[in-house]
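Try each task before you read its solution.

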Amino acid sequence: MNPEAELVIPRRLAIQILHEAQIAQPESICGVVGALGDLPATFLRAGGEQLAASGQRLWARLWSNPTAPAVPTADQLSGGGLYLVVSLDTKGVLEMRAWELRGGAPYERVLKVQD
């Protein structure tokens, strides 16, 4: 994954993730997003073992913040790789943002939803 490239997530997958976060309120969700090739394809609320069994690779880890912004701390990104954070702490609009750890600090990546 090119660290400067825009990240693209299919609209149907983004809708599935946001729906899962919304129906879980007031609890948060966590899980993984799997990819086939370079394209994210699946959201699993379980761990990465299921990704390997389905022939997918880990694209991102994900969690939701029901009452906080979609901004992680450096500690929350300490596992390395890409993270998606969903916030339900908005007025009428759900928010999903992509992050990674760079130089010990959270760094936001450009995340685009595409049909």
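**Exercise 1.** Start from Arg-12, Ile-15 and Ile-23, which are exposed in H1, then find which residues of H1 are buried and what span H1 should have.

*Before you start.* This is a predicted model, in which local features need pLDDT of at least 70 and side-chain atom pairs pLDDT 80 or more, while totals for chains, interfaces and linings use all residues. Residues are numbered from 1 along each chain as its sequence is written, and side-chain values use heavy atoms, with hydrogens and water left out.

*Solution.* 
1. Elements come from DSSP runs numbered from the N terminus: helices are H or I with at least four residues, strands E with at least two.
2. Buried means under 20% relative accessible area, exposed over 50% and partly exposed in between, with a 1.4 Å probe and protein chains only.
3. The buried residues in H1 are Leu-13, Ala-14, Ile-17, Leu-18, Glu-20, Ala-21 and Ala-24.
4. Down the axis of H1, these buried residues fall within an arc of 155° (taken from the directions from the axis to the C-beta atoms), so they line one face of the helix.
5. Arg-12, Ile-15 and Ile-23 are on the other side of H1.

**Exercise 2.** Is Ser-87 buried or exposed, and which residues is Ser-87 in contact with?

*Solution.* 
1. Ser-87 belongs to strand S5, residues 83–87.
2. Its relative accessibility is 0%, so Ser-87 counts as buried.
3. Contact means heavy atoms within 4.5 Å. Leaving aside neighbours within four places in sequence, the partners of Ser-87 are Asn-65, Ala-68, Pro-69, Ala-70, Leu-94 and Glu-95.
4. A polar atom of the Ser-87 side chain lies 2.7 Å from the backbone oxygen of Ala-68.

**Exercise 3.** How many aromatic pairs are there?

*Solution.* 
1. Rings of Phe, Tyr and Trp (its six-membered ring) pair if their centres lie within 6.5 Å; planes under 30 degrees apart are stacked, over 60 edge-to-face, the rest tilted.
2. The count is 1 aromatic pair.
3. The ring centres of Trp-63 and Tyr-83 are 5.7 Å apart with planes at 70°, so the pair is edge-to-face.
4. Trp-63 lies in strand S4 (residues 57–65) and Tyr-83 in strand S5, so the pair ties together parts 20 residues apart in sequence.
5. Trp-63 and Tyr-83 are both buried.

Methods
Expected span 1.5 Å × (residues − 1). Polar contact = N/O pair within 3.5 Å; in protein donor to acceptor, adjacent residues only side chain to side chain.
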